[in-house]
Amino acid sequence: MKKTFEFLKQLEKNNNREWFAQHKAEYDSVVKENKTLFNKIYAELQEHDNLKGIHIFRIYRDVRFSKDQTPYKTNFGVGYSRTKPMLRGGYYIQLDPGNSFVGGGFWGPDAKDLLRIRKDFEISTAEIERITSDDTFIKYFGEIKGDAVKTAPRGFDKDHPSINLIRKKQYVVMRKFTDKEVLSDGFQKEAVLTLLAMRPFFDYMSEVLTTDLNGEPLF
């Protein structure tokens, strides 16, 4: 990953089309190496899960509706999606000098899924609390993160004991990596272990999203 980080650091200082064109060969070489790493992680992850595909994000930014008009992202990202409708949750890796992480979860659940998750937490949070209090979960992720509405969603009691979970619009977990850790020989192994540590969380949420409030299968 040394070449990747060197390229990204230079790109951050020279985020313009002229510089990028002059260093296109270097970019292509870095992308090729990253793709090899991302595919190796995909193959390892597939041994323990049922993945639908891999999505390596493009470095070109969509600047049409952004205040930041720089044309390129200064990170490389990859997503691994699980096979719907029975398996829910998505994995993500970002390589970014000073801000690399391995994470995943439910970044933008649709209105129906979000309501179903909130209703489950309204009834009981015993299972999600069991998962998030596990030593492995705490070691890797600490807690469930994600944006939340300012007050209780419509139809929910603002004084509910689990309102902080119910308020969330996203349910994601994340483990940050230092540059030294990403550049080490053990990064691929640690990335896979981190992704696999999400499974109890994913399995629980998949069960929620594939059943109704009575526990009857939807599919």
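**Exercise 1.** In what kind of contact do the side chains of Asp113 and Arg88 meet?

*Solution.* The model is predicted, so local features need pLDDT of at least 70 and side-chain atom pairs count only at pLDDT 80 or more, while totals for chains, interfaces and linings use all residues. Residues are numbered from 1 along each chain as its sequence is written, and side-chain values use heavy atoms, with hydrogens and water left out.

Step 1: apply the criterion for a salt bridge, a side-chain nitrogen of Lys or Arg within 4 Å of a carboxyl oxygen of Asp or Glu. Asp113 and Arg88 form such a bridge, at 3.0 Å from N to O.

Step 2: locate the partners. Asp113 lies in helix 4 (residues 111-123), and Arg88 in the loop between strand 2 (76-82) and strand 3 (90-95); the pair, 25 residues apart, links distant parts of the chain. Helices (H or I, at least four residues) and strands (E, at least two) are DSSP runs, numbered from the N terminus.

Step 3: check accessibility. Both Asp113 and Arg88 are buried. Buried means under 20% relative accessible area, exposed over 50%, and partly exposed in between (1.4 Å probe, protein chains only).

**Exercise 2.** Describe the salt bridge between Arg64 and Asp62.

*Solution.* Step 1: the closest N and O atoms are 2.7 Å apart. Step 2: Arg64 is exposed at 65% relative accessible area, whereas Asp62 is partly exposed at 46%.
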